[in-house]
Amino acid sequence: MAALISLMILISLIGAIITFLTRTREQARVVALLASGISFVISLFMFLRFDSSIPTIQFAESYPWIGSLGISLKFGVDGIGMPLVLLSNIVIPLTVIFAWGETKQANQFYGLILLELVGVVGVFTSLDFFVFYIFWEIVLIPMYFLISIWGGPRKDYSAIKFFIYTHVASLVMLLAIFSLYFNAWQISGTPNFDMFYLLKNYSVIESTMLKDAIFLALLFGFLVKMPAVPFHTWLPDAHVEAPTAGSVILAALLLKMGGYGLFRVILPLLPFSGSPGKLVIVMAIIGVLSILYGTFLALAQRDLKKMVAYSSISHMGYVTLGAAAIVPLSISGAMYQQFSHGLITCVLFMSCGVIQHSTGTRVIGNLGGIAKYMPKLTFLMLAGFLASLGLPGMSGFIAEFLVLVNSYFTLPNFVILALFGIVFTAGYHLWAMQRAMFGTYNEKLGHIHDGANYEMFSMAVIILLVIYFGLNPNPVLTMMTTNSEQLYTVLKGVVIP
Amino acid sequence: MFGEISALIVLLPVLAFVLTLFLGKKLYSGGALLPIAAIAGSFIISLGTFLEIYPDGMVQQSWPWFAGMNIGILIDPLAVVMLMMVSFVSLLIHIYAVGYMAHDPAKPRYFAETSLFTAAMLSVILSDNILQFFISWELVGLCSFLLIGFWYHKPSAAAAAKKAFLVTRVGDVLFLAGIVLLYVNISEIIATRAFSIEPGNFILQFKTMFEAAKLIDPTQLTLITLLFFGGAVGKSGQFPLHGWLPDAMEGPTTVSALIHAATMVTAGVYLVARTFPMFVATPATISAGVPDALLIVAYVGGFTALFAATMGLVMNDIKRVLAYSTVSQLGYMMLALGTAGAVLGAKAVGISMFHLIAHAFFKALLFLCAGSVIHAMGTNDIREMGGLFGKMKITAITMLIAALALAGIGFPFAGLGMPILNIGTAGFFSKDAIIEGALEYGEVKGDMIPYGMAIIAALLTSIYIFRLWFMTFTGKPRSERHAHESPGVMTRPLMILAIFALLFGFSQAGFYGYVEKNFELMNVEIAVHEGEAFHPSPIIVMLPVIVGVLGILISYAIYNRRMLDMSKIISSGNPIYKLLLNRYYEPKLAADIIGVKLTHDVVAQSGEFIDRKIIDGLVIDNIIGKTVFQLGELVRKLQTGVVQNYASVTLLGLGLLIILLKIRFGGI
């Protein structure tokens, strides 16, 4: 029973090392699938054994590490982390299956994918702020290589931009973590990087300015990762050049780290920050701006993948909005949006990948009528697009519905603005489908073929999950709500102007 | 017994959808028998439930879902009449489609999608809460989208499917906003302890809504009902969101008959009927900037009835004439809810629903007849038809019955005080009641405009439908095509529907009595205007029939006897003719101006410009990027390329950081 989390991380890590050492691509992909598969089984076991009725940390582990600095290896999950651990373990094996045909430096490719799993699971389970930061940074490196080695024509520019941008944000966040650390050290006299301990000691900082500075630095770090407008411009470039597997992991898992930070760090600090009411409004503005701006930018794109990238920005805006509204169910909705978007976006990026592989282009205007020769892909892609535009019966609707309904209690005007975006969200999805997939076949594309079976399998599994969690949100939503209600016990004092 | 298994009404077609989708290819006629059997099952259960609960029972089942919401079944009189109609019409259309779609290679997809549609539509009807209603409502919209674009390789079909989805989406967002507002308002009255939800009940259930309606702030309630009505306007193709419905005719004709005539488009009317107690609870006077919700329903409906009928006059595509007719008739149903609702209370629901069901029979019949003609001729253009009566007798006669029903032909014996029953087609009974309701509204409120619109629209209805019939079936053939009567699998459903189009009207009194009780059963009181009994003069009673017959005579004179040559009277350059033929330029406005020019070219492209040139170009690349780059140039001079130097500098930096932090925070 014990040590499940570290076992999960170790298996992925060892799997990654073995994968790097394999000689053939067949070996590499089998090892990668096996390691991530075992990791998935562990996470599923944890998920099924998880007690949704209590908001406390479960499957907790703790090992001393650098005692003199108060750093220890502490892991555990609650209703905030558990769904994301499960999500990570669903997405990575399916990405390996989707990328079953990779030929270029396959051992490194699959190894890096496994390293991403190590990184994200570490982020979602670490309860020591220092270790959290290490995993946070670990995630960047494999992604940098995935983009810069397997990427498109402008891969160097994009990879560097991605790295510098998110790294700068991480450093700003690190400064804030250090401030929390030294502040707590100063008070208690002993160094301790324990995350909850540091967050608890935030409230006793005397200087309002320092409080706001720490808060904003952490918020900045998470918002860049999500990404929220106006800190988003690294994302479309990174996606356009990244290989499909890289895009899937980036959108499905890496962006979720930002949202996770909002729930794990930002919301517990909010009531004790210098001016919580104003900060809520700032977050709400950023959330709604992301929703609308992402939607309209998606509408302007000619590249299908770039359109999907902007749609991510729009969907992540719901996370910020729901968190900002500080109503229990709006927070649950925001958490559910993270989980749901993590699944849905996989199908969207996989569709782009299959289309590019088959036709050699992703420019919507150069496609046309390809449903005729790619019926399976069209079926799955349409399902994914419908999920993404918020069709009821699929998981995205539950999330957006919860966010919109419950945010209205505290932020009515922002909700009205967000509702406005829904029509246009449907607009760009359907417009892209109509022009790329339907209509008369563009003969210039020559002979094209449908997606490979392993690609279709990955997409179909995700669609089934999206429908399952759209019809039965409770397994995930209940544990989220338990924790969002706990968050609310401290948040309810915040007065929104 | 049937009430207990009423969940199967929805689940059977869902099962048929899954099976047909995956196994249809291997089965007879693309697996058509699966949905037919499933929907027959749904019909039998609906009918059985009706017999069980008649005259004053209900079926209520409810299960908790997520976050205080529920999934449930509510079969009251309103729902059960709709369930029977939808499952019955859907069944007939599925049978007809075996013949109509016989040569289409994508039959499994067709039958899977129509089966899913039927399931979703039945789920709309028996929902016991507004969220499940909305979800099912969106799913019928999805099926409509998929089936309009069934022949997706046709660019016009793909465009029409998209337009249908987006235009109704505008309404859906309003509907969703209404649900948001409703939820928040109910939560607030619960928070102030003015209202509570009993255990076993849920917040968005209709019964909770109706109880809470009395306690919600009237301005908010009006807003909620108008937002709901916004959804209904989108779904039922009311002005100004009507443009998608005629375009939806790009789908197979069976789809037009099922979705865009008999069932889905009526969901908007059903929504208003379903939430009618809330509409009635809104303040009826225009005060302090609060509009009268029912008045808006009445005017939008009346205007749409008239507006759509004008376009029906000039269309040459047989299906588009029928599509405008559908829009127009849905306007009548809204008009009934708005006008009769204001003066007759719950009776309005009976009047409107009766027309809804009568219309479903005769409009489905019109579409299926049109399908039979299209199947035979291979064209939609009535200018290329003519003289088909001899070749397609069953189609011609059944379509004539349907046209008479649409024109509302009959004779109001009882209305004139004679001791015998009124005699007429289904449309005669149902439309007369609406027009009479509008008249009573006019008398009571002193506002005859809705009545005027209804009467003029009735005249136009009769003209356009007989223009269609005369041009299709009489005169000389205008093209070389060889027509033949359709096979029995197609003509038999026509005959069955024709019987209903003829005889359904006679159930009027029983129907009203049953459906009017609906809200009483739910313990909702609906105020009725108390006044003197209403006795209009004989000429007024006869007026709807008179205009109906007049319309037939006008069409006969022009399109059969050719006493007038329309092309000589109205040139193709006539501005009014052009306005109508171009559908008041609505497609241009919706697609080109709002869709492409404003949204894409102006808003989205300027967003793109801001993103690339200002945020990314100016701020990131130029200001931040250049500064960093120049710093980097400075630092480059320190770069020696020796690892030891880097390491020592790193250590130095770390040491400095720690010292700085120590200074800042004091002794550690």
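Student: Is Glu250(B) buried or exposed?
Tutor: This is a predicted model, where local features need pLDDT of at least 70, side-chain atom pairs count only at pLDDT 80 or more, and totals for chains, interfaces and linings use all residues. Residues are numbered from 1 along each chain as written, chains are lettered from A in written order, and side-chain values use heavy atoms, without hydrogens or water. Buried means under 20% relative accessible area, exposed over 50%, partly exposed in between (1.4 Å probe, protein chains only). At a relative accessible area of 19%, Glu250(B) is buried.

Student: Which residue forms a salt bridge with Glu250(B)?
Tutor: A salt bridge needs a side-chain nitrogen of Lys or Arg within 4 Å of a carboxyl oxygen of Asp or Glu. Here the closest N and O atoms are 3.3 Å apart.

Student: What is the N to O distance between Arg169(B) and Glu138(B)?
Tutor: Arg169(B) counts as buried at 5% relative accessibility. Glu138(B) is buried as well, with a relative accessible area of 5%. Their side chains meet in a salt bridge, N to O, at 2.4 Å.

Student: How many salt bridges cross the interface of chain A and chain B?
Tutor: Over all chains, the rule gives 10 salt bridges. Between chain A and chain B, the buried area (accessible area lost on being put together, 1.4 Å probe, summed over both) is about 4,900 Å², with 75% from carbon and sulfur atoms. The salt bridge count across this interface is zero.

Terms used. Buried area = accessible area lost by both parts, 1.4 Å probe.
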